[in-house]
Amino acid sequence: MMRSPLRWRTKRSSPVATPFRNSPRMSKAGGILRTILVASICLSILAVLRLGGAVMSTILYPFSLGSAGPKRPPCFKRTGLPKEEYVVLESVDDPTINHPEREKTTMVFIGYSTERFENFDEILPKYGDMDKTLDRVLLLWNNQDKCPPTPPSNTKVPIYVIPQRTNSLNNRMGDDVAKYARTRSILHVDDDLFLSEKLIRSMIRTFVKSGVNSFLGCFRERRYAHPAFGYSDQIPKEHKAKLKELKHNVVITRTMMLGRRWISKYNKNKKMLQFVNDEMNCEDIMISALVRSETNGRDPIYLPLTEEEYRTELPHPGGLSDVLFKKKDGNANEEDKRGWFVRRGDCALKAQEFFGKGVWG
């Protein structure tokens, strides 16, 4: 009988192969072990770098590159699929929870226009340095034909650029935000703004003190939805004349903070999601209506801007306002602007079908 080149020994019913020293397989096995050892050392070094505060920003590709769907440019295939990273809400033992000066938030953008890459070049490194305030930055890339911007590397705050399957405003509250946000609050911001760290800190502080059901915006962008008359940026005089005190009740996603807990509730209303997709509009009105319907008509909190808690306006080429409101001479197109508010009014009225007739008070 031929002698086996391997000698087996058993420990807890698990066979372990022990090659002879002079076996030709010894050198091959040793080479494999050396490769594994070198790989382990490299991974350890990367782990140390991450713990040191420098993290690699990433372009994530959550969809299957080989699946059926829209044909995408080659740049969408630069990396493989990420490992799924479903997270659990923070435990009660987390020392940052309910601590106004230590709790962080997740910043979420929707990007589309390649003309705004200069904006990202300016703001992403700044946000990437706010590691005391931001846990992660998520840039959701909605453009189905153009490559997303490349995030800065070695930022203190991880920055994820995530191409989306569809060009939908519902992506603000989509699966990728639920998957990669691991803070209690989410801060939605437009890509033509820069928010100072003190302003973000003030919003977190207010969110913590007001509770996870609160939703916040900027005072200058207060909006008003009426159960019969629709939508406006001001409360009409005839409404103010009534005995009942009326307040602004809509926060727009240009600068909006709300609880991460609302994402799953938002996505349960399939008819509402389809309406937002059809209109390519209204997601902020629907988010505001959702929160109000679940909190007995809770009004938003609007924060004023100050010299320290400020917001900087950036160029906005290729934006929706350029398309809808500007004539060729650069002046505002008032007719289209009125039409825009009519469409928004229709959204406010439609929200009552999804969340109840009393949602706007």
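How many disulfides does the structure hold?

Tutor: The structure holds one disulfide, a disulfide being a pair of cysteine sulfur atoms within 2.5 Å. This is a predicted model, in which local features need pLDDT of at least 70 and side-chain atom pairs count only at pLDDT 80 or more, while totals for chains, interfaces and linings use all residues. Residues are numbered from 1 along each chain as its sequence is written, and side-chain values use heavy atoms, with hydrogens and water left out.

The disulfide is formed by Cys282 and Cys347, with their sulfur atoms 1.7 Å apart. Cys282 lies in the loop between helix 7 (270-279) and helix 8, and Cys347 in helix 10 (residues 334-355), so the pair ties together parts that are 65 residues apart in sequence. Helices here are DSSP runs of H or I with at least four residues, strands are runs of E with at least two, and both are numbered from the N terminus. Cys282 and Cys347 are both buried; buried means under 20% relative accessible area, exposed over 50%, and partly exposed in between, with a 1.4 Å probe and protein chains only.

Next, the nonpolar core. The term denotes a set of buried Ala, Val, Leu, Ile, Met, Phe, Trp, Tyr and Cys residues joined through side-chain atoms within 4.5 Å. The largest such core has 42 residues, of which Leu258, Tyr266, Met272, Met286, Phe355 and Trp360 touch the most other members. Helix 8 (residues 283-294) supplies the largest share of this core, six residues. Leaving aside residues up to four places away in sequence, Phe355 touches Asn269, Met272, Met286, Ala289, Leu290 and Ser293, where contact means heavy atoms within 4.5 Å. A second, separate core comprises 29 residues, including Leu134, Val157, Ile159 and Met257.

Asp191 sits in the loop between strand 7 (185-189) and strand 8 (193-195). Its side chain makes a polar contact with the side chain of Arg116 at 2.4 Å. A polar contact is a pair of N or O atoms within 3.5 Å; within protein, one must be able to donate a hydrogen and the other to accept it, and residues adjacent in sequence count only if both atoms are side-chain atoms. Residues touched by Asp191, not counting those up to four places away in sequence, include Phe109, Asn119 and Leu314.
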